[in-house]
Amino acid sequence: MRVIAKSSLVKFWTRPEYADSKGSLQSWYDEVSKTVWKTPQEIKAQYGSASICGNNRVVFNIAGNKYRLVVEMQYRAGIAWVKFVGTHARYDQINVETINEY
């Protein structure tokens, strides 16, 4: 998949209070960049804890479920578009299907 907005991930993990997310986010990026998903079921096969949501959104648990990553999947184009990365507290305040905070 082509991951759009890796800069959003870097921006997040370079903040001192979220530095512990770097390894997990970098691993997620590296893995997703090397795969091609055509369906939500393929994502679930690789990431069993991922949540498939409306509007082609997928929520990934990051750093032992300390953080959440919301990605819009564009399967035909082979794009995983980062829409949100943040803490659980911040995640609880967003609408997964409409968030566009990259």
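Trainee: In which loop does Thr35 lie?

Mentor: This is a predicted model. To place a residue, find the elements on either side of it. Thr35 sits in the loop between helix H2 (22-33) and helix H3 (40-46).

Trainee: Is Thr35 buried or exposed?

Mentor: Compare the relative accessible area with the cut-off: under 20% means buried. Thr35 has 17% relative accessibility, so it counts as buried. Setting aside residues up to four places away in sequence, Thr35 touches Met1 and Gln46.

Trainee: How many helices and strands does the protein chain have, and in what pattern do they follow along the sequence?

Mentor: List the elements, then read them in sequence order. The protein chain has four helices and five strands, and the pattern is β-α-α-α-β-β-β-β-α. Its radius of gyration is 12 Å, close to the 13 Å that the globule rule gives for 102 residues, so the chain is as compact as a globular protein of that length. Along the principal axes, the C-alpha trace spans about 35 × 25 × 20 Å.

Trainee: What share of the 102 residues is buried?

Mentor: Buried residues account for 42% of them. As for the surface, the protein chain exposes about 5,500 Å², with carbon and sulfur atoms supplying 48% of that area.

Trainee: Where is Tyr75, and which residues is Tyr75 in contact with?

Mentor: Start with the position, then look beyond the sequence neighbours. Tyr75 is in the loop between strand E4 (67-74) and E5. Its relative accessible area is 14%, so Tyr75 is buried. Apart from neighbours within four places in sequence, its contacts are Trp37, Lys38, Thr39, Pro40, Ile43, Asn56 and Val58. Take Trp37: Tyr75 and Trp37 are 38 residues apart along the chain, yet 6.5 Å separates their C-alpha atoms.

Trainee: What share of the contacts between residues at least 6 apart in sequence joins residues at least 24 apart?

Mentor: In the protein chain that share is 39%.

Trainee: Which strand holds Val59, and what does Val59 touch?

Mentor: Val59 belongs to strand E3 (residues 57-62). At 1% relative accessibility, Val59 counts as buried. Leaving out residues up to four places away in sequence, Val59 touches Ser49, Ala50, Ser51, Cys53, Arg68, Leu69, Val70, Tyr91 and Val96.

Trainee: What is the phi of Ala5, and what is the phi of Ala63?

Mentor: Ala5 has a positive phi of about 80°, although it is not a glycine. Ala63 is not a glycine either, and its phi is positive at about 55°. Ala5 lies in the loop between strand E1 (2-4) and H1, while Ala63 lies in the loop between E3 and E4. Ala5 is buried at 17% relative accessibility, whereas Ala63 is partly exposed, with a relative accessible area of 24%.

Trainee: How many residues line the largest pocket, and which lie nearest its centre?

Mentor: The largest pocket holds about 250 Å³ of space. Its lining has 14 residues, and Phe12, Arg15, Val85, Gly86 and Glu101 lie nearest the centre. Helix H1 (6-13) and strand E5 (79-87) are the elements that give two or more residues to this lining. E5 supplies the largest share, six residues.

Trainee: How is the lining of the largest pocket divided by class?

Mentor: Six lining residues are nonpolar, three are polar and five are charged.

How values were computed: Residues are numbered from 1 along each chain as its sequence is written. This is a predicted model: local features need pLDDT of at least 70, side-chain atom pairs count only at pLDDT 80 or more; totals for chains, interfaces and linings use all residues. Side-chain values use heavy atoms; hydrogens and water are left out. On a 1 Å grid over the protein atoms alone, a cavity is a set of points where a 1.4 Å probe fits but cannot get out, and a pocket is an open set with protein on both sides within 12 Å along at least five of seven lines; lining residues have an atom within 4 Å of a point. Grid points are joined across faces, edges and corners, and a volume is the space filled by probe spheres set on the points. Ala, Val, Leu, Ile, Met, Phe, Trp, Tyr, Cys and Pro count as nonpolar, Asp, Glu, Lys and Arg as charged, and the others, Gly among them, as polar. The radius of gyration is taken over C-alpha atoms; the globule rule is 2.2 Å times the number of residues to the power 0.38. Buried means under 20% relative accessible area, exposed over 50%, partly exposed in between (1.4 Å probe, protein chains only). Contact means heavy atoms within 4.5 Å. Accessible areas come from the Shrake-Rupley method with a 1.4 Å probe; for residues, only the protein chains shown count as cover.
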